[in-house]
Structure formats: C-alpha cells, structure tokens
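Q: I have a new structure on the screen and I want to learn to read it. Can we go through it feature by feature?
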Amino acid sequence: MTRYYLGRYFENQTFYKIQSQSIIDNPDQRIVDDLSSFTGTSLSFALTLFTAAVDLISFSNILFGIYPPLFVVLIVYSLGGTAISVLVGKGLVNLNFMQEKKEADFRYGLVRIRENAESIAFYGGEENEMQLLLQRFKQAFENLTQLLISSRNLDFFTSGYRYLIQILPAAVVAPMYFAGKIEFGVINQSYSAFNHVLGDFSLIVYQFQAISAFSAVIDRLGEFSDILDRSNSLLIEDSKPKIAFLKVDQFYGTASECNGADTFEVCQKLLEIEHLTLQTPQYTMTLIEDLSLVVTKGDHLLIMGPSGSGKTSLLRAIAGIWCSGNGTIRFHIKQSNKGTDRSILQGAINNDGPENGTNYHTEEKEQQLVDGTERSSGAIFFLPQRPYMVLGTLRQQLLYPTWIEDLIAVSESDSLPFSLKSSRLTNTRCELKPMPNEDELVEVLKAVCLDHLMTRCNGLDSNVDWSSVLSLGEQQRLAFARLLLAQPEFALLDESTSALDEANEVRLYKEIAAAGITYISVGHRSTLRNYHKQILRLKNRAFDTFERNWILETIDQDKTYLTKSVA
C-alpha cells in the first residue's frame, strides 16, 4: 500500500503541486503514520468481526432456546447502547482528525529546526523558534485535552453499560426460576450466553474510541487520495488556460536536400517559446507578457532582471513544473533514423557541416505533451541555486537523477514484499545512457575541483549528511558534476554559481560549453555575460498594463565584462 501511494505521490510531479500550492497538510505523515494505522487497524477489526460472527452463531440459538424474550431484551439493550455511544462520542472523529494534524505540524516544526540549524544559529533565533514550537505544542495539547474529556465521558457510559450486563440476564430470567419453570443452572447458562451474544452485538459500543480514531485515519487518507486522483487526472484548475508543451522529434537520415536546399542545413533549434504569457500557479498575477524567443545549439541565453520579475518562474515553465498561463513551449529533440550512425550525425551537427560530402535530411514529428513533465528524458537538466543533496553515498550524489544505482537492493532471498521489487515510475534517462564507471566519476570531480572529497570523505561509497558536510559552493560544484555526467541537450541554471568565486565560475562555464551543452542562465553578475550570446532582460510588470516587460538583446562577444567594485 505504501508503494502504491508513493507511486501516485510522485506521478506527474504531484508532490511538487501539493507543496507549492499548499493543497493539503503533511502528506508525509499520511503516508507513514496513517497508512500504518489503517492497515494495522483494518486487520485487527477484520479478525474481531470474524470472531464475533462465529461467537454470535454459536450462542444465539442457545440463548433463544432458553428464553426468547431475553433475546429480544438483548437486541433492544445493544441498540440503545450503540445509539447512546454515538451520541456521546460523536465529536471524537473530528478531534482525532485534528490531533493527527496538529501532532504532524509539531513534528514538521522540529524537522525544520534540524534542516535549518545553521541559519537559526547565525540569526540567534533560538528563543523565537522555541516560542513557535511551544505554540504548535499548545495547540496539540489543547486538542488532546478535549479528546481526553470526550474519551472520559464515553468511558463512563461504557463502564456503566458493562456493569448493567451483570444483573440484566438474572433480572429477566428470575421470575421463571421462582415460578419453578427452570432450574438454577439455566440461569448460569442464560448469563453466559447473554454475555457472549451481547458482546457480539455491542462491538460498536466497546470499540467506539478505536472506530473514531480509525474513521479519522480514513478521512485523512481519503482526502489525500482525492487530491492525488485530481492532480494525476489534471482536474486541478482544468478550466484555466494552460501553456501548451510540444515535443518535436527530429529524425535525421541521408538525403540530397535539407529544408528544401542542397546544402547541409540541419535544424539546430533546441527550444522555441511562442507568445508565452506566464502567470503564478493560482492565476493571481501575470509575470511575463507575450514572450517569444528561439534557443539554438550553442546559443547560450542569460536572463537578468530585478527580483520578482519572473526569472526563476520562466525556468520553472520551461522545465514544465509551471503551466499556468498561455502560449507554446516547443522542445526540439534530435533522433536518428535507422541506419544512420548517431555519433557521426552528432559530430556533423557540432561541426556545422557534413562529413565526407554526405547531406542529411531532417524530418520533424510534433506531438502534444500533457504537460512539461513529459518532455524527453535527458533533454533538459535543471540546476537550482541550492542543489538538492540526496540521502546516499558520494557516488549516488553524482549519478542523481540520471541514473539509479540500486538504491533498494533486492535479492531472491530478500524478505521485502514483491510489490517493492518493481517500480511504478520508470527512469528513462537510465535507458538512454550507460552508467559512468568509477574512473569517469573521479575525473568529473577533478573537473569541478572536488577531487579532495575522495580523501576527505573516504571515497565514492562514503555516506554522510552531504547538505551539512559540504558548503553551498561545494554543493553547486557537485551539481555541475552531475550536469557534466548527464550530458543533456541543454541546461537551465538558476543562479547556479552564486556561491562561487569568479575563477570557479569561469572554469565551470568553460567545462559545460566544451561538453557541447547549451544553457540558459539566471543571474545578476555582469561577468555572466562573458559566457552567453543573448540576454533576456525582464522588468517588473505593472498591474494595470498589458505591455511586454522583456527585451531580448545580443551580447557583444568582443567586450569583456568585469565585476564592479564597490568603494
């Protein structure tokens, strides 16, 4: 069940939509705690119901045969007790629901302290964090107090309900005994049968607290499941305009013409943006108006502008995780026809000309994508300002996310359930590129000046908390190592060198340019212009205008840009 929910959680980047739009609280707690409670309680209730059914069948005939009115009294008593239990404990379901939420919120606050320990220490914000945590704890404690009061009231009734059972059978059967119609031993039989059958009919009374907690778990899982279904079926904001994502598969082969000409003219487009108007996910603000541009191979683009102008948001749209707005984003994916050597073709493309006098013909096949998450695997690589460090070894850090290196090793004798041995999601990047060997990993660490990690962290298979051990600058260089290993068509760099000195910045940009990777960068440093051919300038858009808030310029490659010093 955990595997099933995890698959739905990651499908179509639902986890990002839930987090970015704050659709639902604490999905991690629902997957871990609620699923565990649901499966355990379901099994327990199933066994209890089975036992009660067998017990009811066994003793009902005995009780009815002794004295039928006693059986009627039992049914009336159990129905009355059930009704009163529901009335007394009707608030328990909501209180249990809120208790799960508030405890999860408190745990989340503690996790944030652990993840941001250094920043909090620099700020000296211990007292503030203590107050915030105590506030969340107070909310959980107050809800728990109400939960205990309701549970106490229900326990009072349940205890009285149990004690009355001790005298009720004897009170009903006693007149028959004094009239000489039954013997004393029949009273004991009726008492025993009455207790068994009443216990079976009174499951709701005896298990009401457990049932209310179980109902809260079902409500939380049901709410979570509905969100997953709506997100995966693209029903969220379905009536709103959305950006159209298109994939153009370019198939190459030998021919005497290319685009109607007799010369080598292989189309080198990688990305086309047509009349893109980008809005925030909730459609409350327009960030970019009517943007159109083309990125070709080697035509590196720099995006600059003031804070809040939509620079990173544009990268999110290109990466496919934002689709609010309208316009078209078209990806050009290069593929070779059968019989055409892909490596020879790539060499021809890189050299801007045919080899051995061979002309190449281009066929383009365009298809609509559901959203940007379906873009061709390996074609785009994103580097955020603060790279994500996975939980694993240094080798796994380098291979992420292009290759999966047996993160869950399952052998024939493994005791893991069979459902964990197969993946709902497939990483097609792994299928397209062979996994680098150890020498290649070491070489790329040298290229980004991180070879000292081999001795500092005891080799590629060392496992530490990398987000704490490595500085932000080292993490950014490690992200560039991933990029060099992945060798995508082009990369999106969101201030990916902000924590680096200029020497390392120059080195890394030269490395990815030499690798034939076309990149789109977001940044503020003037020195970044040295590594790009075009610059897209964005400005903050006025709310009362529909004018374009962008300018596309060509960068003078003969001019060297230096960082301005501040006196």
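Q: Is Phe137 buried, partly exposed or exposed?
A: Look at the relative accessible area. In this predicted model, Phe137 has a value of 42%, so it counts as partly exposed. Buried would need under 20%, and exposed over 50%. Phe141 is partly exposed as well, with a relative accessible area of 49%.

Q: Where do Phe137 and Phe141 lie?
A: Check the element, then the spacing. Both are in helix α7, which covers residues 126–165. They are 4 residues apart, so about one helical turn separates them.

Q: How many aromatic pairs are there, and how do I read one?
A: The count comes to 18 aromatic pairs. To read a pair, take the distance between ring centres and the angle between planes. For Phe137 and Phe141, the centres are 6.3 Å apart and the planes are at 25°. Planes under 30 degrees apart count as stacked, so this pair is stacked.

Q: What about the rings of Phe157 and Tyr161?
A: Their centres are 6.0 Å apart, with the planes at 40°. That angle lies between the cut-offs of 30 and 60 degrees, so the pair is tilted. Phe157 and Tyr161 also lie in helix α7, 4 residues apart, about one turn of the helix.

Q: Are Phe157 and Tyr161 buried or exposed?
A: Use the cut-off of under 20% again. Phe157 has a relative accessible area of 19%, so it is buried. Tyr161 has 3%, so it is buried too.

Q: Which residues form an aromatic cluster?
A: Look for rings that join into a group. Tyr4, Tyr5, Tyr9, Phe10, Phe15 and Phe224 form one such cluster.

Q: Which charged residues sit over a ring?
A: Look at the face of the ring. Arg8 lies over the face of Tyr5, 5.3 Å from the ring centre. The charged end of Arg220 sits over the ring of Phe97, at 5.5 Å from its centre.

Q: What makes up the largest nonpolar core?
A: Start with its members, then ask which elements supply them. This core has 40 residues. Those with the most contacts inside it are Leu398, Leu478, Phe480, Leu483, Leu493 and Ile512. Several elements each supply at least two residues of the core, among them β4 (301–304), β7 (380–383), α16 (438–447) and α20 (502–514). Helix α19 (472–486) is another. It gives the most to this core, with 8 residues.

Q: Which residues does Phe480 touch?
A: Leave out residues up to four places away in sequence. What remains is Leu383, Val448, Leu493, Ser496, Thr497, Leu508 and Ile512.

Q: What does the second core include?
A: It is a separate core of 32 residues. Phe245, Val295, Ala317 and Phe331 are included in it.

Q: Where is Ala379, and which residues does it touch?
A: Ala379 is in the loop between β6 (360–369) and β7. Its relative accessible area is 6%, so it is buried. Beyond four places in sequence, Ala379 touches Ile333, Pro488, Glu489 and Phe490. Ala379 and Phe490 are 111 residues apart along the chain, yet their C-alpha atoms are separated by 6.5 Å.

Q: Is Leu79 buried or exposed?
A: Leu79 has 56% relative accessibility, so it counts as exposed. It lies in helix α4, residues 68–88. Its C-alpha atom is 9.8 Å from that of Ile204, which is 125 residues away along the chain.

Q: How do I read the whole protein?
A: Of the 567 residues, 43% count as buried. Then check the contacts. Among those with a separation of 6 or more, 78% come from residues 24 or more positions apart. The protein exposes about 30,000 Å², and carbon and sulfur atoms supply 55% of that.

Q: Where is confidence lowest, and where is it highest?
A: Start with the average. Mean pLDDT is 80, and 79% of the residues score at least 70. Helix α13 (residues 342–350) is lowest, at a mean of 46, while β4 is highest, at 95. Over residues 336–360 the pLDDT is below 50, although this stretch has 53 contacts in the model beyond near neighbours in sequence. Residues 406–413 also stay under 50, with 6 contacts beyond four places in sequence. Where pLDDT is low, predicted coordinates should not be read in detail.

Key. Residues are numbered from 1 along each chain as its sequence is written. This is a predicted model: local features need pLDDT of at least 70, side-chain atom pairs count only at pLDDT 80 or more; totals for chains, interfaces and linings use all residues. Side-chain values use heavy atoms; hydrogens and water are left out. A nonpolar core is a set of buried Ala, Val, Leu, Ile, Met, Phe, Trp, Tyr and Cys residues joined through side-chain atoms within 4.5 Å. Buried means under 20% relative accessible area, exposed over 50%, partly exposed in between (1.4 Å probe, protein chains only). Contact means heavy atoms within 4.5 Å. Accessible areas come from the Shrake-Rupley method with a 1.4 Å probe; for residues, only the protein chains shown count as cover. Rings of Phe, Tyr and Trp (its six-membered ring) pair if their centres lie within 6.5 Å; planes under 30 degrees apart count as stacked, over 60 as edge-to-face and the rest as tilted. A charge sits over a ring if NZ of Lys or CZ of Arg is within 6 Å of the ring centre and within 35 degrees of the ring normal. pLDDT is the predictor's confidence in each residue, from 0 to 100.
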